[in-house]
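Hello,

Here is the structure I promised to pass on to you. Have a look at it first, and then read on for what turned up in it.

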Amino acid sequence: MTGRMIGVDVGGTFTDVFVLNETDGTASVAKVPTTRPDQSAGFLDGIGRQIDDLSEISVVVHGTTAGTNALLERKGATIGVICTEGLRDVLEMRRRDRPRTWGLRGDFEPVVDRRNRLEVPERTLADGTIRTAVDLSAVRRAAEALRAQGCEAVAILFAHSYANPQNEAAAVAAVRKMWPNAHVSASHEILPEIREFERFSTTALNAYLQPEVSGYLGRLEGALKQGGFDGEFMIVQSNGGVMAVDTACRLPIRTALSGPAAGVIAAGYIASSAGFDNVITGDMGGTSFDVSLIAEGKSMLSPQTSIDFGMVVRTPMIEITTIGAGGGSIAWVDKGGLLNIGPESAGSDPGPVAYGLGNFRPTVTDANVVLGRIDPENPIGGKLTRLDVEAAATAIDTHVGAPLNLDTLAAAEAILRVANSRMAGAIRLVSVERGFDPKRFAFMPFGGGGALHAGAMLAEVGIARAIVPRYPGVTSALGCVIADMRQDFVQTINTLVSTLDEKALAAFMQSHADQGMALLDAARTTFEAREVSFELDMAYIGQTHTVSVPITVAMENGGVITPTQDQIEEAFDTAYQATFGRLLKNGVRRIINLRSAVTGKRPKFDLETLAPTGSGSTKPKASRPVHFADSWHDTAVYDRLALPVGTVISGPAILEQPDTTVLIEPGLQGRVDRFGNTIIEPVEDAS
Amino acid sequence: MSDIDPITLSVLAGRMEQIADEMDATLFRAAFNPIIAEAHDASHGLYHAQTGDTLVQGKSGLPIFVGVMAFAVQAVIEKAAADGDLADGDIYIFNDAHIGGTHLSDMRLVRPYYRDGELFCYLASVGHWHDVGGAVPGNYNPAATDVFQEAFILPPVKLARAGEVNQDIIDILLRNTRLPQSAMGDLNGQLGALDLGIKRMDELLDEYGAETVAAALEALGHRAEQLMRSELQDLPDGRWEAEDFLDNDGIVDEPLKIKVALEIKADRMTLDFTGSARQCAGPVNIALPTTVATAYVAIKHVFPALPANAGVMRPIDVIVPEGSLLSAKFPAPTGGYTETILRMIDVVFSAFAKAAPDRVVANAYGTINALSIAGKRSNGQPWVMFSFYGGGHGGSIETDGLNHGNAPISTATIPPMEILEAAYPVMFRTWALRPDSAGAGMHRGGLGAVYEIEVLEENGAEAFLFGERGRFAPKGIADGGNGTMNIFSYEQDDGWKHPPLASKMRGIILRQGQAVRLETPGGGGYGAARDRAPDAVALDVARGMVSEGEADKTYGTDWRGVTS
C-alpha cells in the first residue's frame with residue numbers, strides 16, 4: 001500500500017502534523033492549536049489541512065499526551081482494586097518515601113480511594129506455592145461492591161502473582177465475566193515482575209487511564225474511518241516504539257511519556273543520518289528544559305519513572321531529565337541577593353510578560369525579547385500579533401534590575417546567563433550519571449526555544465557543535481513517522497544460575513517472542529526487518545542492584561534455541577566487568593528478571609527529501625540590532641528554509657522559520673548540511 | 001578578597017553545587033553496596049581550607065550528612081596540623097564517630113585541593129559501608145556498651161601520600177570487614193568521586209580564576225548567613241522550651257530526657273540543650289559533632305530554602321552540656337544514634353511551634369524501628385532479615401501529615417515486601433496503614449503502619465528490635481493531638497507478648513508459624529481537633545482511617561451530619 005504516512009503529535013499548545021508522501025518522498029508539515037479538553041478536534045483539523053481524502057493515508061502514528069495529562073491532572077477514571085488480604089494499603093504506603101527531602105510537608109492521595117480497595121482471602125508465596133486458594137465468591141462480591149460504588153475500571157493486585165498467576169488469573173476471569181466493560185487489569189498481565197508496589201502502581205494506573213485513553217483513541221479512530229481512512233492507526237509508546245491502537249487501549253499506561261519519546265526518536269535518527277551517533281537533545285518548552293542522551297545511536301531507556309510523587313510507572317521509557325528552566329520560567333532575586341530562574345513558571349498562558357496576557361514577572365523569553373533575539377513583530381505560533389517589549393523591559397527592571405542594581409540590558413543578560421548555566425548543568429549531569437563525557441556529544445536543540453540557546457550550550461559545556469534539525473518545532477511528529485514497532489515483555493525468574501531451569505527460561509522467551517510476533521503480524525504495515533532481543537537482570541547473591549545482561553539467543557524458524565548456564569554466566573561476566581570494572585571472586589550469580597523486546601523495523605524515509613531544493617537566497621531578508629554580552633550588534637536575519645545546502649553564515653546572525661528562531665552568536669557559524677540541518681560550530685573549526 | 005558581581009556569583013553557585021552533585025552521581029553509580037547505590041546513604045562537598053566549614057554540598061546525599069561533614073574535615077585539618085605534613089595528593093580516611101559524627105559504618109575520605117601550590121579547599125566523600133567488622137554483621141549492635149563491640153575503628157590516617165596510595169591501609173580495612181569485595185567497590189567509588197571533584201575544580205578555576213572562585217565561596221557564606229538572619233528577623237523574639245524522652249537506652253530501664261531552649265533575639269538564635277540526660281550505658285549516646293549536625297538538619301527542615309552552607313550556622317549558637325548523652329565521650333557506644341537525633345529534631349520542632357507554629361510540622365513517628373529476624377535454614381545456611389520501618393509524618397498548616405513516610409534524617413526507601421519474602425523465610429500477614437494512629441488536629445498526623453511478619457522456616461528464628469516511642473508519643477503542635485505510641489508484640493505458645501523495655505528487645509525466640517507485629521506511631525496533629533472540617537472527619541471515617549468511636553471522642557459528632 002502506498003500513500004501518505006502521517007505523524008501527529010499533540011502537545012500542550014500546538015498539534016503538529018507531519019505528512020510524508022510515500023510515492024514521491026516529499027514531506028509537509030502543519031501546526032494547529034491544540035483543542036481542549038477533547039484533543040481529537042485539533043488532531044483532525046491538522047490532518048484535514050494537509051489531506052482532503054483520508055483514504056489516501058496508509059498509516060497514522062500518534063504521539064499523545066492524553067495519558068500524561070490524565071495522570072498529572074488526576075483526571076483518570078474512578079477505579080477499584082481487589083487485592084490480597086492484608087495488602088489493601090500498598091498503593092497508599094508507596095516505598096516509604098516523601099515528596100520533598102527538606103521541610104517534611106505534603107501528603108499523598110493515591111488514585112484509588114481506600115473505600116474502593118477491597119481485600120479477598122488468597123495468598124501465594126514467593127516461590128509460587130499457593131498457601132491460600134483464592135475465594136472466588138469473595139472476589140465476585142468485591143467486584144459487585146465496586147460496581148455499586150461507581151467504579152468504571154478495576155485492577156486485580158495479588159501478592160507474588162508474577163511467580164504463580166493461578167490465583168490472580170482465576171480472579172480476573174471471574175471479574176471479566178461480570179464486569180460491564182473491558183476495563184479489567186490484572187497485575188500479572190501488565191507487569192509480571194517482583195516488587196509489589198511498582199507492579200500494583202503500574203497496574204492501577206493502567207486501569208485509571210483505560211476508560212479515558214481508550215475512549216479518546218476510539219473517538220479518533222472512529223472519526224478517521226468516517227473520513228474514509230482505511231490504514232493502520234498506531235500509537236507511540238514511552239519506550240520510543242509504536243503499538244497498534246487496540247494494544248494501546250489495553251495497555252494505556254505504555255503511553256505515559258508518548259509525546260516526548262517520539263521527539264527523542266526523531267532526534268536520534270536525524271543526528272545519526274547527519275553523522276552524529278552521540279547526541280544530547282534539549283527540548284525547551286514553556287515550563288521546562290528536557291534533556292535526553294543518545295549514545296552510539298541508541299537512546300537510554302529507564303526501567304521506571306515517577307510521573308508524580310507516588311505515581312510510579314514501571315515500563316521501559318526513554319529517559320528524559322527535566323529541569324524547570326523553560327521559556328516561561330520566572331526570574332527572581334532571593335533574600336540573599338542571588339538571581340534564580342524557576343522553578344515557578346508562567347507557562348504558555350499567561351506566559352511571558354511580553355505576551356501581555358496578565359503575567360508581570362519576567363521570564364527567560366522576556367530576556368530574549370528585550371535583547372532582540374526574538375522578533376517582537378512576528379511572534380511564533382500565530383496566536384499573538386506582536387510582543388510587548390516595553391512591558392518585558394519594565395518587568396526585568398522591577399524584579400531583577402533594581403534589586404541587583406543593573407540596567408535593563410545587563411539584567412536581561414544576567415537572566416540568560418543564569419538560565420544557560422542551569423541548562424548546561426542538566427546536560428553535564430545527565431552525561432556524568434551515565435558515565436559519559438559530554439564533550440564527546442553533539443547538542444541538538446528542538447522545541448520552540450532551544451535553538452536560541454545552542455551557542456551558550458557549546459560555550460558552557462564545551463561541546464564542539466550543535467545540530468539544529470530543519471524542522472525543530474515538529475520533531476515529535478516526525479518521530480512518529482519513523483519510530484519502529486516495539487513490544488517489551490518482562491518475567492521475574494528469581495533463581496541462581498546454577499539452579500536455573502533452562503527449559504523454563506526458554507519457554508518464557510518463546511512466549512514473549514510469539515506474542516510480539518503475533519502483534520507484528522496483526523499490524524497492517526510493512527516491516528523491513530524483525531528483531532527479538534533478550535536481556536536478563538542479574539546480580540551476585542547479596543546485591544540488590546542488578547546489571548542488564550544482553551543474551552544472544554539463536555532462533556530457528558521462530559523457535560528459541562535454549563541458552564545454556566555457561567552462556568549466561570559468560571554474558572553476565574562481560575556485562576558486569578563493563579559496568580563495574582571487576583568481577584567478584586567466588587560470587588554466586590543470580591537471575592532476577594527476563595526482559596524481552598520484539599521490534600518490527602519500519603521503513604525509513606531519506607531525510608534528504610526534506611532538504612532545501614535548488615538555490616534559494618543566501619541574502620539576509622532583514623537586519624536588526626541584537627544584544628550580545630555588553631553591546632548591540634547589527635545582526636543579519638535570514639529566511640532559514642530558503643538557505644541552500646552548503647551555505648555558511650557567520651555570526652552574529654539570526655535564522656528565522658515559522659516556528660523557530662536559530663541564534664548564531666558572534667564567533668560561531670551556521671552551516672546548512674545536505675539534509676537542511678544547521679550545524680553551529682566555532683568559526684575556526686570550519687573546514 | 002576581591003568583590004564579585006552578583007551574576008557571576010549565581011553562575012558559580014550553580015557550578016559548584018553541580019560539582020558536588022556530580023561527585024554524588026559518580027559514587028551512586030560505582031558503589032557496590034545498595035545502601036549507597038539505592039538508598040543514597042552518602043554525601044560529597046567542598047569545605048573551607050582553614051576552618052573545614054561546609055561551602056557547598058550535593059543535593060542528593062543524606063540529610064544528616066549536610067551538617068556532619070564539616071567535622072570530618074576539621075578532624076583532618078587538626079591531624080594534618082599536628083603532623084605538619086599536609087601535601088597535594090594526600091587522601092585521609094577514617095570512620096571514628098566520636099571525631100566525625102554519626103556512626104562507625106560511615107567511611108569518610110577527605111582530600112585537600114591545591115591550586116598553584118596553595119591549599120584552596122578540601123573535598124570530602126562519605127558513604128555508609130555494608131560492614132566494618134564488630135560483633136554484629138551490619139554494625140547495629142543493640143547490646144553494645146562500648147564502641148569496640150560495634151565495629152572496627154579507624155582514626156584519620158593517610159590513605160594516600162602525595163598521590164601514592166598506601167596499600168597497607170587498604171589491606172587492614174579489607175581484613176576487618178565481612179564483605180571485602182563490597183568495601184573495595186565502595187572505596188573505589190569514593191576515590192573516583194574525589195578524582196572527578198578535583199578535575200572539575202581545575203576546570204572551574206581555569207575558567208574563572210582562583211581569586212574569583214575564592215571570592216564566590218566567601219560571598220556564598222555571607223549570603224547564607226544573610227538569608228538565615230533575615231529568616232530569624234521575621235520571627236518574634238523570645239525563649240521557648242520543649243522536652244521529650246527516649247524510652248530507655250536498651251540496658252537500663254529509665255527514660256532519658258532531651259530538652260531544648262530555643263531563644264531568638266533579633267537576627268540570632270540559640271539552641272540550648274542544657275537539662276538533657278547524662279551519658280548512658282547503651283548505644284543511644286551521640287558525639288558532639290552529631291548533635292551540632294542534627295541542630296542543622298532540624299533548622300534546614302524549618303527553613304527548607306536555605307543553602308547547604310556553614311554560613312547558615314553563624315548566627316546560631318548550639319549549647320551542649322558536658323557529660324550529657326549529646327556529647328558522649330569515647331568509647332561510649334553510638335550505634336543507635338538515629339533514635340536520639342530523631343528526638344532532638346522533635347524537640348526543636350516543638351519549641352519552634354511555640355514561636356511560629358506555621359513554620360514547622362508536628363512531630364513525625366520518631367523511631368527507625370530496626371528489626372532483625374534471623375535463623376538457620378534446614379540446610380544450615382544462616383539468614384538475617386534486617387530492615388527499618390516507616391510511620392506517619394506530622395500535620396502542618398498546609399495539609400494532613402504524610403502516611404507511612406521515611407525518617408526526617410534520611411531519604412531511604414523500604415524494600416518491597418515481595419523482595420523480603422523472596423530472600424528470607426518469612427511472610428507478611430499484614431503490610432498496612434494503622435487506623436486511629438494519627439494525632440488529631442485541624443490537619444491530623446499521617447498514619448503509622450502495621451507490619452505482621454510470620455516465620456515460615458521450620459527451624460524457627462530469633463528476633464531483635466531497636467525502636468523508640470514505646471512510652472512517649474509523637475507530639476502535636478498548635479493544639480494538635482499526639483500520635484499513638486509504637487507497639488511491638490511477639491507471638492509465643494501462650495499468646496502475644498510485649499517487651500519489658502517497650503521498644504527494645506533481643507533474643508526473642510519464634511517457632512515456625514509464630515509472628516512479630518510492629519505497629520508504628522502516627523504523626524502528631526496540627527491545630528485543634530475542633531477546627532477540623534466535619535467532611536474531612538467523615539471522609540477519614542468512611543475510609544476506615546479513623547474509627548467512628550475515635551472520631552466521636554476526638555472531633556465531636558458533627559461529622560455524622562455530613563452526607564457524602
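How many residues does the contact take from chain B, and how many from chain A? It takes 66 from chain B and 53 from chain A, where two residues are in contact if their C-beta atoms, placed from the backbone, lie within 7 Å.

Before going further, two notes on reading this. This is a predicted model, in which local features need pLDDT of at least 70 and side-chain atom pairs count only at pLDDT 80 or more, while totals for chains, interfaces and linings use all residues. Residues are numbered from 1 along each chain as its sequence is written, and chains are lettered from A and ligands numbered from 1 in the order in which they are written.

Back to the side of chain B that touches chain A: its largest share, 14 residues, comes from H1(B). Among the other elements that each supply at least two residues are helix H6 (180-208), helix H7 (210-233) and strand E14 (426-433) of chain B. (Helices, H or I with at least four residues, and strands, E with at least two, are DSSP runs numbered from the N terminus.)

Chain B itself is divided into domain 1 (6-226) and domain 2 (361-532), with bounds from an automatic or database domain assignment. Their C-alpha centres lie 33 Å apart. Between these domains, the contact takes 11 residues from domain 1 of chain B and 12 from domain 2 of chain B.

In chain A, look at strands E21 (residues 329-333) and E22 (residues 339-345), which pair in the antiparallel sense over 4 bridges; pairing requires that DSSP finds at least two bridges. A:Val333 has A:Leu339 as its bridge partner in E22(A).

Best wishes
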